[in-house]
2 protein chains.
Amino acid sequence: MTFKFNNVFVNNTSTVTGPYEKEGPLGNKFDKSYDDLYNGEKSWEKAEVKLLEESIDILLNKSNKKKEDIDVIIAGDLLNQISASCYGSAKFKVPFLGIYSACSTSTEGILLGASLIDAGRVKNAIVSVSSHNMASEKQFRNPTEYGAPKPRTATFTTTGGASILLSNTKSKVKVESATIGKICNMDQKDPNNMGAAMAVAAADTIYTHLKDNKRDINYYDLIITGDLGVYGKEILKEYMMSEYGLELSTNYNDSGTMIYDVESQPEVLAGGSGPLCSPLVNYSYTIPLLEKGVLNRVLIVATGALFSPTFVFQKEPILSISHAVSLESVK
Amino acid sequence: MTFKFNNVFVNNTSTVTGPYEKEGPLGNKFDKSYDDLYNGEKSWEKAEVKLLEESIDILLNKSNKKKEDIDVIIAGDLLNQISASCYGSAKFKVPFLGIYSACSTSTEGILLGASLIDAGRVKNAIVSVSSHNMASEKQFRNPTEYGAPKPRTATFTTTGGASILLSNTKSKVKVESATIGKICNMDQKDPNNMGAAMAVAAADTIYTHLKDNKRDINYYDLIITGDLGVYGKEILKEYMMSEYGLELSTNYNDSGTMIYDVESQPEVLAGGSGPLCSPLVNYSYTIPLLEKGVLNRVLIVATGALFSPTFVFQKEPILSISHAVSLESVK
């Protein structure tokens, strides 16, 4: 299911991160970074709430908008009952739509916001996501104090908040189309190898998007999945070729492999993850290149692993989904 | 933020429940009910997955549709990472949008589905929700084996799944308009009194809806909140009068007080709750009355408490939200 948009633009973005992202290759491109994982709060969960809230504050400030100018905030995150989004959006008192699509939440939000703007229903929509390395570890994995070693296929949840302002006010970057993903099941049961679970969802959505739009895989200057990580990225390339005969070559990258330097930051293992990973890379790196016209057409293919620890304990497979958004440089 | 719809209709609904709902006053109106809380599954979580999945199967069957006819499934539930919706929707292989708005998830889904249909983006949209009494107790409250007594203000999570098919194919019930709610904060910290936390959100949304549409409170034959329960219902009536000077009188009811018989089912305490509560009452009772023309105009005001146990332990208040959907009988 692919939607085309005629009149939706990226007006601004904002990014707030923790220390690991600051030390990564895009470290000097974020609006704000903290040197620790608490950013002045008393718990990791409250730290995440504050990071999401701050990304909206910064976005409003950069855009010279007041909260009263915003018609809707669409937000989601990994915390149980998307608490970071709910608590982080509360002070703005703006109509709120909670969404959840794991690490593809950002593109689900953009496609919903763009649909409402294109239909003339809202003027200004903010889409926000967050994740927090330690809040995620505490919730999804073993207590970190155990010091349990992880396999190299595990990814490292990004810390911070990111927001994007969409409207019908013309800018240098247009939201051109978007594809809603389907839930995929590869019967993969290892939560330390989510790239393998998600690669098939990325492949299905890229294929569907290209087919619905009657486009060649080389139509895009950049196809940017994520957060597949080092291993998931290779699985996707092989799967795209074997399943669809399509080659992801020099126009392909994965946000999970771009947000950290896997060589100098060995703690990140196979790369970055979390709902924040894709927007952090795309808002700080991709969109500025579209604004400058260095890139003309980009397909953002955020990928999400759908599961909870309860279902992993009950031996259910890790499902996955991927929603894609096509952005174009405006001449 | 209120949206008007020109061309969106309720084509069909489906309801599957557990034993407590079957014993309640609407017990003979559901499509299917189980006599126990496992419905043949090995865990409460898997039971909830199956209830949501079955509600979609029944809906497709009643509507004489195949899964290929469905353009999008929009779903959400209370389980961490909306797992019941993800696992319960997976087999249909239909484009999927995950949403979360606690017990107002159903109306968020209907307003999003209606927006996509009215804009001509999709033809057939299914909106599904579920909840499960024991899966919720396990996740949100004390282990039930402790036998901890609860205050009378506590509500009882409904068990089952419910789905609605929306499209532009004319039927006897029209989705006329919808209002996106704002997050409200009454600084209420007791998870055993969610009606008190949510009443203000219902009031804000009802007031906004009436103002945006320039309507009197008596415009509607029925305003049906939920799941506020016995005490939350009274709080809302008092708050509407004191804050807005509006009287909720004989045209007002709450789904939390309708789904069970609080006299003969004392275990339900202040009444029903969960994302399923509002759709269970409205799909089995309200919509049939609209179809028959007994009711002409109904405002469904589902209410959600936004929190997680983690935030309650960290002494944060329980936030709330309410999304409203206006349904009209078609002559």
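## Two domains in chain A

In this predicted model, the centres of domain 1 and domain 2 of chain A, taken over C-alpha atoms, are 18 Å apart. Domain 1 covers 2-167 and domain 2 covers 173-329, with bounds from an automatic or database domain assignment.

Where do they touch? 51 residues of domain 1 of chain A are in contact with 56 residues of domain 2 of chain A (contact means C-beta atoms, placed from the backbone, within 7 Å). Helix H4 (residues 105-118) of chain A gives the largest share of domain 1's side, 7 residues; helices here are DSSP runs (H or I) of at least four residues, numbered from the N terminus.

## Two helices crossing

Now look at H2 (residues 44-62) and H5 (residues 133-140) of chain A: they pack at about 135°, axes 8 Å apart. Axes are lines fitted to C-alpha atoms over the stretch in contact, and angles run from 0 to 180 degrees between N-to-C directions.

On the H2(A) side, Trp44(A), Glu45(A) and Glu48(A) meet Met134(A), Ala135(A) and Lys138(A) of H5(A).

## Two copies

## Reading notes

Residues count from 1 along each chain as its sequence is written, and chains are lettered from A and ligands numbered from 1 in the order written. Local features need pLDDT of at least 70 and side-chain atom pairs 80 or more, while totals for chains, interfaces and linings use all residues.

Key: Contact = placed C-beta atoms within 7 Å.
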